[in-house]
Amino acid sequence: MTKKFYVTTAIIYVNALPHVGHAYEMIATDAIARYKRLTGHDVFFLTGTDENSLNAERKARSLGLPTQHYVDEMAATIKKVWRKLNISFDDFVRTTDERHRLACQEFFTRTYDAGDVYPSTYEGWYCVSCEAFYRAEELMDGMCPVHKTKPEWLKEKNYFFALSKYQDRLLQHIEANPDFIQPEARRNEILSFIRGGLQDFSISRSSVRWGIPVPIDPSQVLYVWFDALINYLTGVGWPTDLTRFQHYWPADVHIVGKDITRFHCVYWPAMLMSAGLPLPREVFGHGFVYLRGERMSKSLGTGVDPGAIVDDFGADSLRYYLLREVPFGRDGDFTWEGFVQRHNADLANDLGNLLNRTVSMVNRYFGGVVPTPIGAPTGPDAELMALAADTFAELERSMNALAFSDALVAIWQFVGRANKYVEESAPWVLAKSDRDRLASVLYNLVESLRLIAHAIYAFVPETAERAVEQLGIELEIGTNWGQTRQWGGYRPGTRVIEKPVPLFPKKELPS
Ligand code: MSP
């Protein structure tokens with residue numbers, strides 16, 4: 001039976017266009033979703049937009065646009081950016097969707113009926129960019145610790161959620177489930193935050209009009225984070241399609257940035273406990289991608305535009321670079337030098353040339369038809385085959401740990417070994433002296449490329465497609481992974497493309 005796998009990203013705010021940091025999260029999650037599909041899972045990949053925020057309303061106002069009109073346009077544009085990056089999401093929840101309003105109101109009612117919601121007065125600081133309440137001691141020199149901007153002082157009558165009631169249950173759950181919060185550093189941060197004592201938090205706003213009305217008091221709207229987290233339920237049909245919901249829920253992993261792990265590892269599980277729903281299996285808090293060591297900021301307009309990179313380099317160069325360069329869970333830096341270097345060295349040279357010369361040689365020496373290997377494998381053949389098996393074992397290990405960069409290092413070691421195999425076998429010499437051996441060498445190279453294409457698919461899907469197309473075959477996605485990954489799947493007698501097309505043109509550093 002196929003196993004279900006439900007994976008989500010954070011839903012992005014719509015007050016500005018996504019930068020490379022946001023793209024990083026989408027790309028990483030897409031790699032997980034594609035890998036799971038490849039290996040035969042029934043995957044549901046959810047993303048969306050967080051539209052009931054004050055920052056969206058203010059941005060619309062500053063542009064003189066009706067808020068709904070503005071969020072409609074932004075959601076459409078953001079979707080286009082993700083499509084350009086080949087993000088294979090299965091559904092896209094907009095928090096202004098009617099289905100989401102229904103889910104939020106039902107959820108609120110459940111927590112209210114559980115006795116976990118009560119009215120009180122909130123007085124304190126609020127950062128609109130974070131959409132978060134801050135205690136005075138959390139501010140840095142009176143400024144928001146994340147945005148370094150002055151928060152607003154609020155005093156309003158709000159509805160509060162009894163978070164403190166869940167402190168012990170949360171601690172027990174995190175302690176009993178070591179994988180619930182990953183990586184380890186995030187888990188420790190959250191544990192010490194909870195041990196420091198949890199305070200109830202406000203889940204409504206009375207001075208805001210843009211948002212989802214509180215069912216028991218339509219003069220208030222739900223606090224945007226309370227509303228946003230519920231998107232993970234909306235996306236799998238809760239509360240109207242319980243069959244679908246029960247099939248996919250709980251989420252197998254929520255992928256979020258390190259700045260919002262607290263919402264996902266403290267507020268969200270407590271909310272779910274209150275509503276009587278199962279908790280997600282894992283929350284992974286990834287690191288940040290910086291630009292010259294600085295935070296990219298949509299509000300400050302500093303950041304690299306992923307859409308422009310795709311126009312110039314293609315989606316896969318960015319996907320490869322970010323997943324290879326920034327170990328998942330840690331912070332990393334986007335540099336143009338590093339990016340262009342990876343594009344030229346790893347993609348254009350190592351991978352691109354391997355495919356190009358293999359396809360050229362099949363055409364030159366065998367009229368474009370891949371020959372049957374002849375005779376027993378030699379030492380280098382056996383080495384290549386053994387490394388192929390090791391590469392898939394490492395791919396499996398690292399993908400289970402969400403260690404994308406480890407997976408890519410292993411795959412590129414195999415690419416490097418295949419390039420070395422060309423040099424040590426010297427097909428151009430064999431062409432004159434030993435056609436049987438030449439047949440085996442070229443078969444082994446084509447087969448290596450078939451395996452490489454499948455191994456890279458999750459990370460650089462377009463490249464994988466283009467590679468197999470040139471080999472005259474198709475990718476096998478989730479049909480029989482156990483067999484697909486075995487050596488020997490390429491059928492001799494298959495015709496490769498007549499004129500190989502370079503996978504990646506070499507690039508100069510943009511000026
Ligand atoms: N709307 C909330 C999330 C609600 S989820 C129920 C939000 N939105 S965001 O637009 O600010 O961020 C979206 C995601 O991008 C978050 O996971 C955030 O951590 C991530 N990142 C934002 N900047 C980033 C980098 N520079 N690098 C990596 N990830 C980054 O938070």
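**Notebook: salt bridges**

I began with lysine 165, which is partly exposed at a relative accessible area of 48% (buried means under 20% relative accessible area, exposed over 50%, and partly exposed in between, with a 1.4 Å probe and protein chains only). I note that this is a predicted model, in which local features need pLDDT of at least 70 and side-chain atom pairs count only at pLDDT 80 or more, while totals for chains, interfaces and linings use all residues. Residues are numbered from 1 along each chain as its sequence is written, and side-chain values use heavy atoms, with hydrogens and water left out.

I then looked up the partner of lysine 165 and found a salt bridge to the side chain of aspartate 116, at 2.4 Å from N to O (a salt bridge is a side-chain nitrogen of Lys or Arg within 4 Å of a carboxyl oxygen of Asp or Glu). Aspartate 116 lies in the loop between helix 4 (98–113) and strand 5 (117–127), and lysine 165 in the loop between strand 7 (152–161) and helix 5 (167–176), so the pair ties together parts 49 residues apart in sequence (helices, H or I of at least four residues, and strands, E of at least two, are DSSP runs numbered from the N terminus). Aspartate 116 is buried, at 0% relative accessibility.

Next I checked glutamate 423 and arginine 357, whose side chains meet in a salt bridge at 2.8 Å, N to O. This pair links helix 15 (residues 404–425), which holds glutamate 423, with helix 13 (residues 336–366), which holds arginine 357.

My search of the whole structure gave 33 salt bridges.
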